[in-house]
Amino acid sequence: MVPKTCARSLVWIVASLTLSASLRAQPASPTSVEVIGEPLHPHVLPREPAVSGSVVRRERLEAPGLDAADVLRREAGVEVTQVGGFGSAATASLRGATAEQTPVYLAGIRLNDEVGGAVDLSTVPLWLIDHVEIYRGNSPKFVDELGIGGAILFEPKRPEPGTSGMGVGLGSFGSRSGFAWAGAGSETAATLVGLAATHADNEYPFADNRGTLFVAGDDRVGRQTNSDVSVFDGWLLQRLELSRNVQMNVVANVTAREQGVPRLALLPSERARARYERMLTGISTSARFGGKQQHQLTLASSFISANSVYDDPAFELFLMAPRVENSGQRAAQKLAVRLELGPRLHWDAALDTAVDRLERRDGDVELSGASALTARLANGFEYEFARDWFLSPLVALSCRQVAGSSVCEQGEPVGRVSISRRTAAFTSYASAGRYVRFPSLGEVYGAGLLVRGNPQLMPERGITAELGARAQRIWAGSRIWADAAFYSRQVDRLVSYVRNAQRYLVPINVHEAQLSGFESSFGAELGQHFETDLSLTLLDARDTTPDRPLKNDFLPFHSRLVSVLGVEGRSNAHWPGWIDRTSARATLLYQSSRYADPAGLVVIPEQHSLDLEVAQGFSGEAVKARARVANVFDTERFDSVGYPLPLRSVFVTMEVMLK
């Protein structure tokens, strides 16, 4: 049965479609423009070319059984923490930052919740995502939060008339999936609607040492229990051309998930369940104005509502209540303007406002709601002061007022400045900035009976600097490209949890940290048949808190070395009208050992895994068959102590796309 939130959301989708259609003005005649030029460097971010980062294209998101955590795990500078198998909870962070410090956006709408501040990647669908933008060094200036840990943006497909697709998938450990979408309309008003459903039992085997690490005689193979997951996902995307210079985009997404809640492998849960529902909607309108239509004004509104319920009748999760409910809402508004002040100078300004509300119920105890008002005013410009040399400063003033406090008592100025040299073949850049993360409402007011809030929490602060470059060489249908970046980040007033005399957890500002590292990527495309890429991440993450009681200063859960090697081959040999292009890809991931506790007494061993993917096109690429073998060599993997990841698994899909 579709949850009530999903039903209400589907009604909203239909209403939005009717309303936006009625608003559409007389369509302008479409104009086709063909641009022929040298392709961009694969890691050039489309809206911030002088920022370190990467872009994951659609073809890298289509492998069977792939989720957002798997995709981000392969990217330089990204760390993923996952609990369990396919569809299980996972978070991502950039350059040693925490998941709370890393904002994640879906269709331009920030997903970071107000309970813990982190985003669960399992609630981010990939089947209708066009590409993923990863801003490692600096958050893009057009988003509403200049995060300490950069930003991750998931961008959906562009609605196109007369297109449709459907697919089904099967895989190991009881995984099965299906999706369907269709686009309709015209060149000036197109709508895309899609639905998807996924289920996995996730009862995969793992090595169980029965709590005796150094006694091999009692080891056995166990199986995960109560780790099944079912997900429903629905989309509405609209693109409207209201006039020649005015465009509107509408987005709506509904996600509902029901799952078991596994615990440590040695202490499995049997009855603990969780349900999660999220609805997000957004509408943005952009208009060009001026004598040559060179200026642009953008107005965007969004709303997100999320609800999670934990049922723990046997008290297996130690929630101290048989049922815990969280609900949160955020309404946001954005006004942005870009003025072209000359051939070498443009100015950007934005005003972002948001209202957040959090409500929580623990068993029969109904906690009072908490709310916060956040505003940010940003100003920046880009000036080409010499040929191919650009200066780009950005200054923003952020302010947050929580319920019962005075206006802007937590106001903090943030910003950055960068200088870059950009040509088609080579780009170099240097930047420095200051960033702030406000505590979440869950940290201020508490997140349950065991976690108490702290109204005195101060915002986390960070100072960053980076130096990077990227280059590419193209000749005779082949291309070689590379990029590299050095960075340093100083973070203080980190939020950490301590246990008080009553054995409650209380968040406090305590830690300081120094993080530095090196990231590099290399790739080669030799003709149309061979491609390879390699990424390397080196990280040195240190706890620099004064009077720190521990001798170990390396922060836990951070690997010092992560490398990913990919090799792909393609064949264009085909039988006309029947068999089309064949492709095969191998991806090898290596991750060095990590500490699992601040004292450095528990070590998560180094890990490696090999994935193989094969795709075959039929009937002019209208039909695609894909297969993927994850963890080919069946190596033991852990994302954190006590949470084993699946061993070897196989996934297959069949897709039909019509244009």
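Let me begin with a term: a salt bridge is a side-chain nitrogen of Lys or Arg within 4 Å of a carboxyl oxygen of Asp or Glu. By that rule, this structure has 41 salt bridges.

Before we look at some of them, a word on the model. It is a predicted one, so local features need pLDDT of at least 70 and side-chain atom pairs count only at pLDDT 80 or more, while totals for chains, interfaces and linings use all residues. Residues are numbered from 1 along each chain as its sequence is written, and side-chain values use heavy atoms, with hydrogens and water left out.

You will hear me name helices and strands. Both are DSSP runs numbered from the N terminus: helices are H or I with at least four residues, strands are E with at least two. I will also say buried, for under 20% relative accessible area, exposed, for over 50%, and partly exposed, for anything in between, using a 1.4 Å probe and protein chains only.

Now, the salt bridges. Arginine 273 and glutamate 258 meet through their side chains, with N to O at 2.9 Å. Arginine 273 belongs to strand β15 (residues 273–289) and glutamate 258 to strand β14 (residues 246–260), so this pair ties together parts that are 15 residues apart in sequence.

Eleven of its 15 residues are buried, so the strand is mostly covered. What does it pair with? Two strands pair if DSSP finds at least two bridges between them. On one hand, β14 pairs with strand β13 (residues 229–243) in the antiparallel sense, over 14 bridges. A hairpin of two residues joins β13 to β14, and serine 230 stands opposite our glutamate 258. On the other hand, β14 and β15 also run antiparallel, joined by 15 bridges. There, glutamine 259 has alanine 274 in β15 as its bridge partner. As background, strands of a sheet pair through backbone hydrogen bonds, either parallel or antiparallel.

Next, strands β26 and β27. Arginine 570 forms a salt bridge with glutamate 531, and the closest N and O atoms are 3.1 Å apart. Arginine 570 sits in β27 and glutamate 531 in β26, 39 residues apart, so the pair links distant parts of the chain. Arginine 570 is buried at 15%, and glutamate 531 is buried at 15% too. A second bridge joins arginine 542 to aspartate 553, at 2.8 Å between the closest N and O atoms. Here arginine 542 is in β26, and aspartate 553 is in the loop between β26 and β27, eleven residues away. Arginine 542 is partly exposed, with 24%, and aspartate 553 counts as partly exposed at 24%. Salt bridges that share partners also join Arg60, Glu531, Asp533, Glu568, Arg570 and Arg585 into one network.

Which residues does threonine 545 touch? Contact means heavy atoms within 4.5 Å. Leaving aside neighbours within four places in sequence, the answer is Val510, His511 and Glu512. The side chains of threonine 545 and histidine 511 make a polar contact of 3.3 Å. A polar contact is a pair of N or O atoms within 3.5 Å; within protein, one must be able to donate a hydrogen and the other to accept it, and residues adjacent in sequence count only if both atoms are side-chain atoms. A polar atom of the threonine 545 side chain also lies 2.9 Å from the backbone nitrogen of glutamate 512.

Finally, an open sheet. Five strands form it in the order β1-β6-β7-β4-β5, with mixed pairing. β1 (53–56) and β5 (109–110) stand at the edges with a single partner strand each, so one side of each has no neighbour in the sheet. Inside the sheet, β4 (residues 104–106) and β7 (residues 151–156) pair in the parallel sense over three bridges, and valine 104 stands opposite isoleucine 152 in β7.
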